[in-house]
Amino acid sequence: MINKPLQSLSLYLHIPFCVKKCHYCDFLSAPGSEEIKEQYVKALIQEITQKADNYKNFYVDTIFFGGGTPSILSLHLMAAILKALRESFRILPEAEISIEVNPGTADEDKLMGYRQLGINRLSIGLQSANDVELKAIGRIHTYLEFQKVYEQARKVGFSNINVDLMSALPGQTLRSYQDTIHKILQLQPEHISAYSLIIEEGTPFWEIYGKGVEEGNALSALVRLPEENTEREMYRLTKKLLEQAGYVRYEISNYAKPGFECRHNTGYWQRHNYLGLGLGSSSLIENCRWKNETALRSYLKMQDTRTEIEVLSKEEQMEEFMFLGLRLTKGVSKRTFTELFGMQIEAVYGEILQKLTKEKLLVQSESGYVRLTERGIDISNTVMAEFLFD
Ligand code: SF4
């Protein structure tokens, strides 16, 4: 057999457990007993060892533990997963290894353990520095608890930390949001993700705030969401304050100090190969997409975990290239488009590019990139939909 040259690969590991569900959350996660967590990790390790054989020609340059709440696992379970990964995959010594941490589930010993296991990036889910807002969205921690975990992380030596923030929360005002940003800027994390609350169907918030809930019904006495114009102001404020503080917006909702962009997520937006491991995780390997089993019981039985395997057509690959790549503020490279698809971007999207450029939603730089303008970012969903084939 001819050995193909090595290619890079990202690994995503899904840990589907949380202490309790937040009111806005539609992620695949639920509370679980210690026994279930042990069983899950056993199944995950089995999946790791089974699948790794297919990736002998890949080297791993990023690993991301997401969820759910990966930090809910005790250290010995995390150690067992990392041991299996290191024994099964070719992991670069300089690989970025991230874990999502909920402040209600970590302490100094655990953080120190992460360091010893080679985890080098933390993503801490704060959402707001206001305890009333945290309670309103069902978070299990206070701001003080977050601060403590943040300080402990610095103390044990983490030098690459992301903090997740959310705007448009129930009861949130422009002032309270500004206060949250100021507090976080004082801490100087290397990376900040700032998303707006989206009311997802199937969540407790959908029942209260979702489409179809009539104005003035019995629930209207509950804390209200900010008005749309306040929400827009929050969005603009995020950019202004973070850029003033030296953060670079490198993706629609992500800001980093130079050199601290999340390599793992950037890989998603650039359609690099990634392998999802664990319940409900998604993979993209050489233009084949699939999703793992989403029912915990079936996953624990561990037959073939893959469902919904889909080989992407060339057109689907082009669509993804555009709407994922345009999320990055540097945009998409025309040269890469040609290398990947054997034709120039103008031959496929010429008319659309012209139209959107004329409408000042896109710019085409001299360095050969197509990117969204500020206005384009404001209505990014509409702009990206233009790149879908009928
Ligand atoms: S901690 Fe995260 S994954 Fe868990 S319920 Fe809250 S938002 Fe969802």
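Which residue in β15 stands opposite L362? L372 does.

## About the model

This is a predicted model: local features need pLDDT of at least 70, side-chain atom pairs count only at pLDDT 80 or more, and totals for chains, interfaces and linings use all residues. Residue numbers start from 1 along each chain as its sequence is written. Helices (H or I, at least four residues) and strands (E, at least two) are DSSP runs, numbered from the N terminus.

## The three-stranded sheet

β13, β15 and β14 make an open sheet, in the order β13-β15-β14, with antiparallel pairing. The edges are β13 (332-333) and β14 (362-364), each pairing on one side only.

β14 pairs with β15 (residues 369-372) in the antiparallel sense, over three bridges. Pairing here takes at least two DSSP bridges between two strands.

## Helices α1 and α2

The axes of α1 (residues 34-52) and α2 (residues 75-88) come within 9 Å and cross at roughly 5 degrees. That makes the two helices roughly parallel (angles under 35 degrees count as such). Axes are lines fitted to C-alpha atoms, for helices over the stretch in contact, with angles from 0 to 180 degrees between N-to-C directions.

The contact's residues split into 10 nonpolar, two polar and one charged. Ala, Val, Leu, Ile, Met, Phe, Trp, Tyr, Cys and Pro count as nonpolar, Asp, Glu, Lys and Arg as charged, and the others, Gly among them, as polar.

Note on methods
Angles under 35 degrees count as roughly parallel, over 145 as roughly antiparallel, 65 to 115 as roughly perpendicular and the rest as oblique.
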